[in-house]
Amino acid sequence: MYKKALSSRVCKQLKQHFRILGKRNEDLTDRECKLLKDLLHYSDLLRDVYEWKEAFIEWYDCGPSFAHAKQGFVRWCKQGEKMDHAAIQSCLKTMETWEEEICNYHRLRFTNAAVEGRNNKIKALQRWHYFTRNKKYYKQRILLECNEERITG
């Protein structure tokens, strides 16, 4: 967003309610919908980016087949190319690099979210146990944290 073109009051309001922009449209309360409508009136670019984000969510959730998903992804990328902003172009470059992997979700409908979650837990444990001298305790803590579903379930 071009911050210089907006007044300080508008910038403050956008900063105060930025979480609403990240929420799915279907998850917004009535109050948040009204607030979102007000926020999107401040900038055409902001409105376009929000609609682009929602289009991606819809594509991700509703692609019935791989071929249809591939066409939808290409259409979504072309929609993003029309917006002239450095962050969007950077996002598009990443998305186009990983196009095949992203579209493959529509073949099998599973992700590596569980693996990523465990990696994040291990990284957090590394930070917490930076000065731990007992390596055995550290390894046991990783195994316990990363397999807690199996233990409690």
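Predicted model: local features only at pLDDT ≥ 70, side-chain atom pairs only at ≥ 80, totals over all residues.
The protein chain contains 10 helices and zero strands, where helices (H or I, at least four residues) and strands (E, at least two) are DSSP runs numbered from the N terminus. Read from the N terminus on, the order of elements is accordingly α-α-α-α-α-α-α-α-α-α. The radius of gyration of the protein chain is 21 Å, while a compact globule of 153 residues would have a value near 15 Å; the radius is taken over C-alpha atoms, and the globule rule is 2.2 Å times the number of residues to the power 0.38. Along the principal axes, the C-alpha atoms of the protein chain fill a box of roughly 55 × 45 × 30 Å.

The accessible surface of the protein chain amounts to about 11600 Å², and carbon and sulfur atoms contribute 55% of this area, as computed by the Shrake-Rupley method with a 1.4 Å probe, only the protein chains shown counting as cover for residues. Of the 153 residues in the protein chain, 30% are buried, a class that is set at under 20% relative accessible area, with exposed at over 50% and partly exposed in between (1.4 Å probe, protein chains only).

The largest pocket has a volume of about 210 Å³. On a 1 Å grid over the protein atoms alone, a pocket is an open set of points where a 1.4 Å probe fits, with protein on both sides within 12 Å along at least five of seven lines, and lining residues have an atom within 4 Å of a point; grid points are joined across faces, edges and corners, and the volume is the space filled by probe spheres set on the points. The lining of the largest pocket consists of Ala55, Glu58, Trp59, Cys62, Gly63, His68, Gly72, Arg75, Trp76 and Gln79. Helix H4 (44-62) and helix H5 (66-81) are the elements that give two or more residues to this lining, and H5 gives the most, with five residues. By class, the lining has four nonpolar, four polar and two charged residues, where Ala, Val, Leu, Ile, Met, Phe, Trp, Tyr, Cys and Pro count as nonpolar, Asp, Glu, Lys and Arg as charged, and the others, Gly among them, as polar.

Several individual positions were also examined. Serine 65, in the loop between H4 and H5, counts as partly exposed because its relative accessibility is 31%, and its C-alpha atom is separated by 21 Å from that of threonine 97, 32 residues apart along the chain. Lysine 82 is placed in the loop between H5 and helix H6 (86-97) and is exposed, with a relative accessible area of 73%; the C-alpha atoms of lysine 82 and aspartate 48, 34 residues apart along the chain, are separated by 9.7 Å. Lysine 93, in helix H6, counts as exposed at 63% relative accessibility, and a separation of 9.5 Å is found between the C-alpha atoms of lysine 93 and cysteine 77, 16 residues apart along the chain. Arginine 109 lies in the loop between helix H7 (99-108) and helix H8 (113-128) and has a positive phi of about 60 degrees although it is not a glycine.

Methods:
Residues numbered from 1 in each chain as written. Heavy atoms only, no water.
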